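Please examine the sequence and the structure shown below.

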Amino acid sequence: MSRYPGRAGRLALRAGSAAAALGLWQALTAFDVDLWVRFSQFPTVTDVARAFTDRLSGPDYWTDLTDSLIRIVTGFLLAAVLGVATGVLVARSRLAEDLLGPVLEVVRPIPAIALVPVAILLFPSNEQGIVFITFTAAFFPVLVSTRHAVRALTPVWEEAVRTMGGNRWRILGSVVLPGALPGIFGGLSVGIGVSWICVISAEMISGQYGVGYRTWQDYTIVDYPGVFVGMVTIGLLGRLTSTAVELAGRRLTRWLPRTSYDPARPRPRPARRTPAPTVEPAKAEEARDEHLV
């Protein structure tokens, strides 16, 4: 049975996959391939790389990068704190569920980007409005995942703490929050991705600086390599922030048994089975007779 490649082999596979995708992109755009879609309108990989190098040497790129990161981190942290707190409250209190549940369920299906006019009317500056859009985008995934994770906890754990004299705060700190952490970080992983989608869209509509604003400006002046520079930047930033959330989740849930596939851990080798000792038929019958006696 062939063994799957180790860490070095997997890194080589990933690098080869990315190189193949870039090579296909370069070939389709360099030869102006027009099938069902028009690759002749796309910039080549070399054009995007040249534009990326020019942007890195200028101050505007780093200003846009910093502004987008500040907006996403501020909105996401607010959504993480308030989303977890509201999810636990709604899951643990019938009164909170009756008071907040109807309002939250009505607002939750509304796309966060559709709240841009509301943000413009509510907040005096575009910066605050963009942070509000980012917060709203991440708040509801965190809220829903936290609520389901708290409700799925085994009641025996809470009863055991009550038996030992624990109060509500003791139950919250030693049972509810630790037990719901896997579900909470699932919602955080979804929330950070949705936040990037909405913050870029909000920057395109009402921003003054930021990766989304610069990407839209490049589109309006027909600078397509610049548009792809913005797209690559958004993808890299989203990947980095999602990885940071996943690493934090693994670190805070190290006590969980890793029964499912975990790409960070090598697969254990199957234990070699030793054959059972064989017993001659005559000795087996003799031992059985002695037992009967």
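Is Leu95 buried or exposed? Leu95 is exposed, because its relative accessible area is 59%; here buried means under 20% relative accessible area, exposed over 50%, and partly exposed in between, with a 1.4 Å probe and protein chains only. The model is predicted, so local features need pLDDT of at least 70 and side-chain atom pairs count only at pLDDT 80 or more, while totals for chains, interfaces and linings use all residues. Residues are numbered from 1 along each chain as its sequence is written, and side-chain values use heavy atoms, with hydrogens and water left out.

Leu95 lies in helix H4. Together with Leu89, Leu99 and Leu100, Leu95 forms a nonpolar patch on the surface, with about 400 Å² of accessible area. Such a patch consists of residues with over 30% relative accessible area and no salt bridge, nonpolar side chains (Val, Leu, Ile, Met, Phe, Trp, Tyr) being joined within 5 Å. Helix H4, residues 94–107, gives the largest share of this patch, three residues. Helices are DSSP runs (H or I, at least four residues), numbered from the N terminus.

Leu89 also takes part in the lining of the second largest pocket, alongside Ala85, Val88, Arg92, Ser93, Arg168, Trp169, Leu172 and Val176. A pocket is an open set of points on a 1 Å grid over the protein atoms alone, with protein on both sides within 12 Å along at least five of seven lines; lining residues have an atom within 4 Å of a point. This pocket holds about 310 Å³ of space. Helices H3 and H8 (168–206) each supply at least two residues of its lining. By class, the lining comprises six nonpolar, one polar and two charged residues.

A cavity is a set of grid points where a 1.4 Å probe fits but cannot get out. A search of the whole structure finds one cavity of 30 Å³ or more, and the largest cavity contains about 90 Å³ of space. Of the 13 residues that line the largest cavity, Arg55, Tyr61, Val211, Arg214 and Gly230 are the closest to its centre. Helices H3 (59–92), H9 (211–220) and H10 (224–252) are the elements that give two or more residues to this lining.

Helix H10 also contains Arg250. Arg250 counts as partly exposed because its relative accessibility is 29%. The C-alpha atoms of Arg250 and Phe185 are separated by 9.1 Å, although these residues are 65 residues apart along the chain.

Technical notes:
Points joined across faces, edges and corners; volume = space filled by probe spheres on them. Patch = residues over 30% accessible without salt bridge, like charges linked within 9 Å, V, L, I, M, F, W, Y side chains within 5 Å. Areas by Shrake-Rupley, 256 points an atom, 1.4 Å probe, with all protein chains shown as cover. Salt bridge = Lys/Arg side-chain N within 4 Å of Asp/Glu carboxyl O. Nonpolar A, V, L, I, M, F, W, Y, C, P; charged D, E, K, R; others polar.
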